[in-house]
Amino acid sequence: RMGVTPNMLTVAQLAGGIVAALVIASGELVWGGIALLLAAALDGFDGTLARATGRVTRFGGVFDSTVDKMFEGVVLGGLLYYFLDRGDDLESMLVFATAVGSLCVSYVRARAQAEGIELFDGIFTRGVRIIVLAAGLVLGGLTVVLWVLAVGTAVTTLHRLYVTWRRLEGPDSESIKT
C-alpha cells in the first residue's frame, strides 16, 4: 500500500550500510555498530515483502545477494579506513583477511549451487559475521573480534569446500568412479 518494493528495501539496506561505514570511518564505532545492525535488519524484510506481495523474481534474488556483498564490503571498507587512518597495521590486515574470507564463504556457496548443491554449512555465515562485527563495534574488543572473523571465515570457507567435495566427488557422492 505504501508503494515500497522489495528492491527499494534492498537499496535502503545498502544506503544504510554506506551510512554505517561513514560513521565507523569517522571513529564513532558504537554508533557505527548500531547503524550496521539497523541497516542489516532491512535484509530480512525485502524477501518477506517479495513473497507477501507476489513479487519474487529470479533477478530479485541475484540483486539481493549482490547488494548483500556490497553492503558487507562497504562496511568493512569503513572499518579499514578507520584503522588505516590510525596507523593500525595489524587491524587493517585483519579487516582485509575478513573481507577476503567473507567473499570466499559466499563464493563457495554460489559455486556449489551452480553444481546443484544447496549449501548452508558453516558457522560464519553472513548474519553471524554481521552480528559478531556489530558486537565488536558496540562492546569493544575489536581486535579480538577481527581475529575471530578472519579465522572463522577461512575455516568456514574450507569447511564448505570440504562439504562440496564430499557431495560432488568424495565417498558420499553419487558420481561414477572409474
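Predicted model: local features only at pLDDT ≥ 70, side-chain atom pairs only at ≥ 80, totals over all residues.

Residues are numbered from 1 along each chain as its sequence is written, and side-chain values use heavy atoms, with hydrogens and water left out.

**Exercise 1.** Work out how the rings of F59 and F63 are arranged.

*Solution.* Step one is the rule: rings of Phe, Tyr and Trp (its six-membered ring) pair if their centres lie within 6.5 Å; planes under 30 degrees apart count as stacked, over 60 as edge-to-face and the rest as tilted. The rule gives three aromatic pairs. For F59 and F63, the centres are 5.7 Å apart and the planes at 20 degrees, so this pair is stacked. Next, locate them: both sit in helix 4 (residues 58-86), four residues apart, about one turn of the helix. Helices are DSSP runs (H or I, at least four residues), numbered from the N terminus.

**Exercise 2.** Classify the pair Y162 and W165.

*Solution.* Their centres are 6.0 Å apart with 35 degrees between the planes, and the pair is tilted. Both residues belong to helix 7 (residues 142-168), three residues apart.

**Exercise 3.** Is T10 buried or exposed?

*Solution.* Buried means under 20% relative accessible area, exposed over 50%, partly exposed in between (1.4 Å probe, protein chains only). T10 has 2% relative accessibility, so T10 counts as buried. Its place is in helix 1 (residues 6-25). Leaving aside neighbours within four places in sequence, T10 is in contact (heavy atoms within 4.5 Å) with D46, F63, D64 and V67.

How values were computed: Helix = DSSP H or I, 4+ residues; strand = E, 2+ residues; numbered from the N terminus.
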